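Let's take a friendly walk through this model together. Please keep the sequence and the structure open as you read.

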Amino acid sequence: MHSEVVASRSADPRDSRNGNGSPQLDAVSLAIIEQLQQDGRRPYAAIGKAVGLSEAAVRQRVQKLLDQGVMQIVAVTDPLTVGFRRQAMVGINVEGDLDPVADALTAMPEVEYVVMTAGSFDLLVEVVCEDDDHLLEVINKRIRALSGVRSTESFVYLKLKKQTYMWGTR
């Protein structure tokens with residue numbers, strides 16, 4: 001298990017909001033995020049040394065980034081080692097408004113993320129389950145039972161080759 005930081009990106013030197021309401025980050029905030037992406041438990045003093053700030057200033061910046069929802073500091077696990085042996089991507093076609101279906105999917109504990117898409121599917125959903133029976137129950141009894149779900153197509157993961165969260169500041 002290791003810690004990762006999930007971050008959004010910007011390059012404005014002011015810590016303000018851009019046109020779409022997202023915080024704009026200066027180079028120092030981006031450098032702090034990069035330090036935490038390498039090691040989510042890195043001490044603030046070490047980060048301060050790397051980015052040219054005091055420990056207290058780093059602590060304040062990190063707290064502000066967390067409060068603004070720019071990043072999270074979380075433990076990322078390998079699902080297999082914690083008892084989740086079946087993962088799948090599920091493509092979903094919806095009749096009518098996507099929002100109620102997306103909201104219902106978001107509330108399911110087995111659903112890791114929900115993406116509204118343009119293309120062959122209206123929604124893409126990643127599902128993490130204990131085993132094949134659990135996956136079948138989630139897809140057949142819960143996802144397909146949602147009002148507005150027209151069809152689903154499941155893509156069962158056979159082997160995870162790459163999973164990274166280092167995209168935040170490039």
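Arg-59 is partly exposed, its relative accessible area being 41%; here buried means under 20% relative accessible area, exposed over 50%, and partly exposed in between (1.4 Å probe, protein chains only). This is a predicted model, in which local features need pLDDT of at least 70 and side-chain atom pairs count only at pLDDT 80 or more, while totals for chains, interfaces and linings use all residues. Residues are numbered from 1 along each chain as its sequence is written, and side-chain values use heavy atoms, with hydrogens and water left out.

The partner of Arg-59 is Glu-55, and their side chains meet in a salt bridge at 2.9 Å, N to O. A salt bridge here is a side-chain nitrogen of Lys or Arg within 4 Å of a carboxyl oxygen of Asp or Glu. Glu-55 is partly exposed as well, at 40% relative accessibility. Helices (H or I, at least four residues) and strands (E, at least two) are DSSP runs, numbered from the N terminus.

## Other charged pairs

How many salt bridges does the structure hold? There are 5 salt bridges. One of them joins Arg-61 to Asp-26, with the closest N and O atoms 2.8 Å apart. This pair links distant parts of the chain: Arg-61 sits in helix H3 (residues 55–67), and Asp-26, 35 residues apart from it, lies in the loop between strand E1 (2–7) and helix H1 (27–38). Arg-61 is partly exposed at 25% relative accessibility, whereas Asp-26 is buried at 14%.

Another salt bridge brings together the side chains of Arg-142 and Glu-137, at 3.6 Å from N to O. Arg-142 is partly exposed, with a relative accessible area of 24%, and Glu-137 is partly exposed too, at 32%. These two residues belong to a network of salt bridges that also takes in Glu-110.

## The four-stranded sheet

Now for the sheet. Strands of a sheet pair through backbone hydrogen bonds, either parallel or antiparallel. In this model, 4 strands make an open sheet in the order E4-E5-E3-E6, with antiparallel pairing; two strands pair if DSSP finds at least two bridges between them. At the edges are strand E4 (111–116) and strand E6 (149–156), each pairing on one side only. From one strand to the next, the twist averages 20°.

E4 and E5 are paired over 5 antiparallel bridges, with Val-114 opposite Val-125 in E5. These two strands form a hairpin with 6 residues between them, and Gly-119 in the turn has a positive phi of about 145°. E3 is joined to E5 by 7 bridges, and Ala-88 stands opposite Val-127 in E5. E3 and E6 also pair over 7 bridges, where Val-94 faces Val-149 in E6 and Gly-91 stands opposite Glu-153.

Is E3 mostly covered or uncovered? E3 is mostly covered, with 9 of its 9 residues buried. Arg-86, Ala-88, Val-90, Ile-92 and Val-94 point one way from the strand, and Gln-87, Met-89, Gly-91 and Asn-93 point the other way. Beyond its neighbours within four places in sequence, Gln-87 is in contact (heavy atoms within 4.5 Å) with residues including Pro-79, Glu-126, Phe-155 and Tyr-157.

Helix H4 (residues 98–106) lies across E3, E4, strand E5 (123–129) and E6, and runs at about 165° to E4. Helix H5 (residues 132–143) packs on the sheet and touches E3, E5 and E6, its direction making about 140° with that of E5. Axes are lines fitted to C-alpha atoms, for helices over the stretch in contact, and angles run from 0 to 180 degrees between N-to-C directions.

## The largest pocket

The largest pocket holds about 620 Å³ of space. On a 1 Å grid over the protein atoms alone, a pocket is an open set of points where a 1.4 Å probe fits, with protein on both sides within 12 Å along at least five of seven lines, and lining residues have an atom within 4 Å of a point. Grid points are joined across faces, edges and corners, and the volume is the space filled by probe spheres set on the points.

Which strand gives the most to the lining of the largest pocket? That is E2, with 4 residues. Strand E2 (71–76), E4 and E5 each supply at least two residues of the lining.
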